Amino acid sequence: MANYFSDHPELEFHLHHPLMKRIVELKERNYADKDTYDDAPVDYDDAIENYKRFLDITGDVAANIIEPNSEDVDLEGPHLENGRMIYASKTFENLDATRKAGLWGVSMPRRYGGLNMPITPYSMASEIVSTADAGFQNIWSLQDCIETLYEFGSEEQRQKYIPRVCAGETMSMDLTEPDAGSDLQRVMLKATYDEKEDCWRLNGVKRFITNGDSDIHLVLARSEEGTRDGRGLSMFIYDKRNGGVNVRHIEHKLGIHGSPTCELTYKNAKAELCGSTRMGLIKYVMALMNGARLGIAAQSTGLSQAAYNEALAYAKERRQFDTAIIDFPAVYDMLSRMKAKLDAGRSILYQTARYVDIYKALDDIARERKLTPEERQEQKKYARLADAFTPLAKGMNSEYANQNAYDAIQIHGGSGFIMEYKCQRLYRDARIFSIYEGTTQLQVVAAIRYITNGTYLALMKEMLEGSLTSHPSPLTSKIEKMVDLYEQALNTVKEAQHQETQDFLARRLYDMTAEIMMSLLIVEDASRAPELFAKSANVYVRMAEENVIAKSAYIANFQAADLADFRARECSCEA
């Protein structure tokens, strides 16, 4: 039987990264749970074996239940009945299977019924589910919203809601509105305090809400009357059991058909405040979105794997001119680039996840006791790294998923354009990844300060002088030259002292940053497991070199005066 974990040893490799020992130590509090919970690990090796068992179960469910259901789910999709969203019938089977397999509440503490696993194996599970069906991954992975409630809610709220999610109840984050998409400061859904009932009431409309008829919602609403910016927004918990919210419309989308995208109407809906008023956007949504962006990076990587699987299998079977097409240079060039993007994308995904794990574990410990000065320094370091790497992981993996899905169709030729082949669904599903939870353009905005202040450049030099020096590779010299070109390009942009020029060239700087960082990471992976990554490292670094040289030349020759050509509004056609 197929298994989407054991079939891909690259995943297990990332469970054995040197940082995992520190992550497990922090997450398990030196294995304090072993005397209270039968399933708690007794040491590091036992913890890793627990993660492997969990991922093996996930891989089995994904390959043998979720994936076989994916076509039916895509064709049927959810539908609307009397103000309620009804999942596709096979989606109910998927939910039932994941609940019976115990795949909910993955990162939550055992005292609430969770599995107490770090974000790294959770992200692997998310990738695995997405390889089977990216639409269902949206539903399943939104359990991660409970992290925000765990971090900022009261203990009473934790005890009330977290066990329900651990048992398999679904979640959603209700942020966007018809007039507030990426600009969440414009959210106007109204929250008023009901003194008689000692609760909050929500009124208004939310739009583009993934899994919008979930059991438990986190809702961004305006609690401060008379405000119109982010300082008047708070976060609320809405329980579907209380009623007051109806689904007005389910969007008919290009892809991810199994994932319901809803328009909701709130009519005097009872809600609870999560955390403090006025902190909804400033603090809580930022935490929520960073987690969601890591989830989209995992979703993208899973679909990239599926696209590569489909393309590789077809190229081996399809013969033209008495030759399997995989033997044609034009085809094996595409396949090698697909695999290189997949492996390099995984490298930055799980590096980011590990950074998140360390700082979040220290955040959690800080709720129990005062951190030592060394721990505070460690927390600050990894929080900054996580913040810097998240936009790279989300942006690049979502772009690579689109590219790999495109190439999978190309390798299928005319068959790829036929609805009976899976690659067309992957192509449709992938398109949203570089749009939702912050477009790639917004990931550039999130990353640009770390580009211009030299954070990424310092990391590149640190890696070249540190871990890679003990594993010399011909590829290292190529990366060194790329870093030199990158530094020159960065200095050119900064010396121009022209904000519009910096904004215009930001995407090229972002791409160079990500491609060099991923080159460093994949070469490091190849030094530890050449049998898994040597080929991908060679292909990826050469591909990155090609791109970095081109982008650095573009930046070197760019002048602020050139902007006028790009601002043209089809003036010659106005006659």
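Author: Glu169 and Arg164 join their side chains in a salt bridge, with N and O 2.9 Å apart. The model is a predicted one, and the values given here are computed from it. Both partners of this pair are buried. Glu169 has a relative accessibility of 16% and counts as buried because that is under the 20% limit. Arg164, with a relative accessible area of 10%, is buried as well.

Another salt bridge is made by Glu155 and Arg158, whose closest N and O atoms are 2.9 Å apart. The two residues belong to helix H8, which covers residues 155-166, and they are three residues apart, about one turn of the helix. The cover on the two partners is as follows. Glu155 is partly exposed at a relative accessible area of 34%, whereas Arg158 is buried at 13%.

Next comes a pair from elsewhere in the chain. Glu500 and Arg567 meet through their side chains in a salt bridge, again with 2.9 Å from N to O. This pair links distant parts of the chain, the partners being 67 residues apart: Glu500 sits in helix H16 (residues 499-528), and Arg567 in the segment after helix H18 (563-566). Glu500 is partly exposed, its relative accessible area being 36%. Arg567 is partly exposed too, with 41%. Elsewhere, salt bridges with shared partners connect Glu10, Glu127, Lys339, Asp343 and Arg346 in one network. Over the whole structure, the search returns 42 salt bridges.

Ser276 is in the loop that runs between strand E9 (261-274) and helix H9 (280-317). With 41% relative accessibility, Ser276 is classed as partly exposed. Setting aside residues up to four places away in sequence, Ser276 touches Ser234 and Tyr284.

Helix H9 itself holds Ser300. Ser300 is buried, with a relative accessibility of 0%. Apart from residues up to four places away in sequence, Ser300 touches Asn397, Ser398, Ala401 and Phe433. Pro530 lies 230 residues from Ser300 along the chain, and their C-alpha atoms are separated by 24 Å.

Leu468 lies in the loop between helix H14 (455-465) and H15, and with 1% relative accessibility Leu468 counts as buried. Its contacts, leaving out neighbours within four places in sequence, are Met463, Leu520, Val523 and Glu524. For one of these, Leu520, the separation is 52 residues in sequence and 8.2 Å in space, taken from C-alpha to C-alpha.

Two loop residues remain, and the topic there is the backbone. Most residues other than glycine have a negative phi. Asp198 has a positive phi, near 55°, and is not a glycine. Asp198 is found in the loop between strand E4 (190-194) and strand E5 (199-210). At 55% relative accessibility, Asp198 is exposed, because the limit for that class is over 50%. Gln497 likewise is not a glycine and has a positive phi, about 50°. Gln497 is located in the loop between helix H15 (474-496) and H16. Gln497 counts as exposed, its relative accessibility being 74%.

Note on methods. Residues numbered from 1 in each chain as written. Predicted model: local features only at pLDDT ≥ 70, side-chain atom pairs only at ≥ 80, totals over all residues. Heavy atoms only, no water. Helix = DSSP H or I, 4+ residues; strand = E, 2+ residues; numbered from the N terminus. Buried < 20%, exposed > 50% of the residue type's maximum accessible area, 1.4 Å probe, protein only. Contact = heavy atoms within 4.5 Å. Salt bridge = Lys/Arg side-chain N within 4 Å of Asp/Glu carboxyl O.
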